[in-house]
Amino acid sequence: MSLDGTYDDGNIFAKILRGEAPSVRVFEDEHVFAFMDVFPQAKGHTLVIPKHSTARNLLEEEPERLASLILGVQRVTRAVRAALNPDGVVVTQFNGAVSGQTVYHLHFHIIPRWDGQPLGRHAGGGMADMEELKAVAAQIAAKIS
Ligand code: AMP
């Protein structure tokens, strides 16, 4: 999909938000929902999405929604750091298929990095063990402040 197009409310993140598809929740507030990426590029790979948005990407988002979204990203990133003690954290976001985007509901990736540990493939690795994901999500959730 290109940068242009219409929002498809059958996308997997919209289904997760409506409770029609499962997810491993980390955090939510009035504005954002954070959950574990099921094809993680590293332990603790978390996604943050706006709850009340039909933006497919950052370019389409209403400017007035951005502050609450990025505050949610920072809050969860801090919790990821506190829970997992990484050496660094990638916070990233893709717009359009050619950039690497595969799900067309605006989202940010939070990916912890450790010295000497290569980054897993984007949207192409194996599916995580659900019990392990739940355990990491609980560790991160416990550090939300
Ligand atoms: P992007 O390629 O930036 O659009 O990122 C989409 C991300 O969603 C990828 O990292 C996928 O691993 C992840 N993903 C796809 N389906 C699910 C799902 N059902 N639950 C959690 N993460 C998912």
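## The pocket

A pocket here is an open set of grid points, found over the protein atoms alone, with protein on both sides within 12 Å along at least five of seven lines. In this predicted model, the largest pocket holds about 390 Å³ of space. Of the 25 residues that line the largest pocket, Phe 13, Asp 37, Val 38, Phe 39 and Val 103 are the closest to its centre.

What classes of residue make up the lining of the largest pocket? There are 15 nonpolar residues, nine polar ones and one charged one. Helix 1 and strand 2 each supply at least two residues of this lining, and the largest share, three residues, comes from helix 1.

## The ligand in its place

The space taken by the ligand is the largest pocket. The elements that give two or more residues to the shell around the ligand are helix 1, residues 12-17, and strand 2, residues 32-36. Helix 1 makes the largest contribution to that shell, with three residues.

How many residues surround the ligand? The shell has 17 residues, and the closest are Asp 37, Thr 102, Val 103, His 109 and His 122. Sorted by class, the shell comprises ten nonpolar, six polar and one charged residues.

## Polar contacts and cover

Which protein atoms pair with the nitrogen and oxygen atoms of the ligand? A polar backbone atom of Val 38 lies 3.4 Å from a nitrogen atom of the ligand. At Gly 100, a backbone N or O atom is 3.0 Å from an oxygen atom of the ligand.

A side chain takes part as well: an N or O atom in the side chain of His 107 sits 2.9 Å from an oxygen atom of the ligand. As for cover, the ligand on its own has 500 Å² of accessible area, and the protein covers 91% of that.

Terms used:
Residues numbered from 1 in each chain as written. Predicted model: local features only at pLDDT ≥ 70, side-chain atom pairs only at ≥ 80, totals over all residues. Heavy atoms only, no water. Near = heavy atom within 4 Å. Polar contact = N/O pair within 3.5 Å; in protein donor to acceptor, adjacent residues only side chain to side chain. Areas by Shrake-Rupley, 256 points an atom, 1.4 Å probe, with all protein chains shown as cover. 1 Å grid on protein atoms, 1.4 Å probe; cavity = no way out; pocket = protein on both sides within 12 Å on 5 of 7 lines; lining within 4 Å. Sits in = over half its atoms within 2 Å of the grid points. Helix = DSSP H or I, 4+ residues; strand = E, 2+ residues; numbered from the N terminus. Nonpolar A, V, L, I, M, F, W, Y, C, P; charged D, E, K, R; others polar. Points joined across faces, edges and corners; volume = space filled by probe spheres on them.
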